[in-house]
Amino acid sequence: MSVKLVTFLLLQTAVAVLAGVRSFNELFRQPPRIDGRIVGGQPINITDAPYQISLQLVLPLSLIHDCGGSLISKEWILTAAHCTYGRKTNQLRVRLGSSESKRNGQLLRIKKIVNHEKYNHVTTDYDFSLLQLQEPIEFDETKQAVKLPKQGQEFKDGEMCYVSGWGKTLNPEESSKWLRQVKVPLYNQKECRKRNLLVGIVTDNMICAGYMQGGKDACQGDSGGPLVNGNGVLVGVVSWGRGCALPNYPGVYSRVSYVREWIRKHSGV
């Protein structure tokens, strides 16, 4: 086979890849986490993360947990755009104020969905979505707004953060029905970009967290959920990653400090 023919075939393959929806995801990694648990963590009470919400899909006879999200005010929630992309408000509900995704707390309707206008469903860049609740809630020990970072605020490599949700645990003995949390360090941006080179594009609008040896991570169903630091500041929104808790592949989060003004513009928060 000639060099020219090989080159032509490679180019054709590249075009086919780039033309596909979430092409990098489909070829090299699992799709962004849209369905199901924290890996390597422990159960917590909603009072330990009162900003955590469960975004649920409306089915004909039931509701199912789909993604996580964070309360940022009495009527606004920040989640991932890949959780809401192509969906209407009547297809979603929000459960808040409960440690369990299937019961208790409040189950509320959504009035408005605001996906980031630069969201790219192929590269998952600008993976942010704001949800306005049908009516404002009252804060209590189970429902509180998370602290938001300043525009452009930077965080140090190795800083310990906490990610929570009802996503897959990868352990049959660990139930995902109850809220779980895991502690992970922020990962060097250049190293994360290099390690994910064949998985997806790690842009400046993203931030990575996880252990070199793996074992602790967010997973399917944690998408859109919070990554907070020790001061309770929302550092990231669970976005994507290769598998869950794999060695050398840290989880990738949408960097909240880079869209702080966008959040203020659309929510007033």
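View 1. With a relative accessible area of 33%, V58 is partly exposed. The structure shown in this and the following views is a predicted model. V58 lies in strand β2, which spans residues 52–58. Together with L63 and L107, V58 forms a nonpolar patch on the surface. The accessible area of V58, L63 and L107 together is about 200 Å².

**View 2. The salt bridge between R87 and D66.** The side chains of R87 and D66 form a salt bridge, with an N to O distance of 2.6 Å. This pair links distant parts of the chain, the two residues being 21 residues apart. R87 belongs to the loop between α3 (81–84) and β5 (92–96), whereas D66 is located in strand β3 (residues 63–71). R87 is partly exposed, at a relative accessible area of 26%. D66, by contrast, is buried because its relative accessibility is 4%, below the 20% limit for buried residues.

**View 3. The salt bridge between R103 and E100.** A salt bridge joins the side chains of R103 and E100, with 3.0 Å from N to O. E100 has a relative accessible area of 17% and is therefore classed as buried.

**View 4. The salt bridge between D140 and K143.** The side chains of D140 and K143 meet in a salt bridge at 2.9 Å, N to O.

**View 5. The salt-bridge network of E191, K194 and R195.** Salt bridges link E191, K194 and R195 in a network. For the model, the count of salt bridges comes to eight.

**View 6. The surroundings of buried N205.** N205 is situated in the loop between α4 (189–195) and β10 (206–209). Its relative accessibility is 12%, so N205 counts as buried. Leaving aside residues up to four places away in sequence, N205 is in contact with D125, Y126, Y253, S254, R255 and Y258.

Terms used
Residues are numbered from 1 along each chain as its sequence is written. This is a predicted model: local features need pLDDT of at least 70, side-chain atom pairs count only at pLDDT 80 or more; totals for chains, interfaces and linings use all residues. Side-chain values use heavy atoms; hydrogens and water are left out. Patches are made of residues with over 30% relative accessible area and no salt bridge: like charges are joined within 9 Å, nonpolar side chains (Val, Leu, Ile, Met, Phe, Trp, Tyr) within 5 Å. Accessible areas come from the Shrake-Rupley method with a 1.4 Å probe; for residues, only the protein chains shown count as cover. A salt bridge is a side-chain nitrogen of Lys or Arg within 4 Å of a carboxyl oxygen of Asp or Glu. Helices (H or I, at least four residues) and strands (E, at least two) are DSSP runs, numbered from the N terminus. Buried means under 20% relative accessible area, exposed over 50%, partly exposed in between (1.4 Å probe, protein chains only). Contact means heavy atoms within 4.5 Å.
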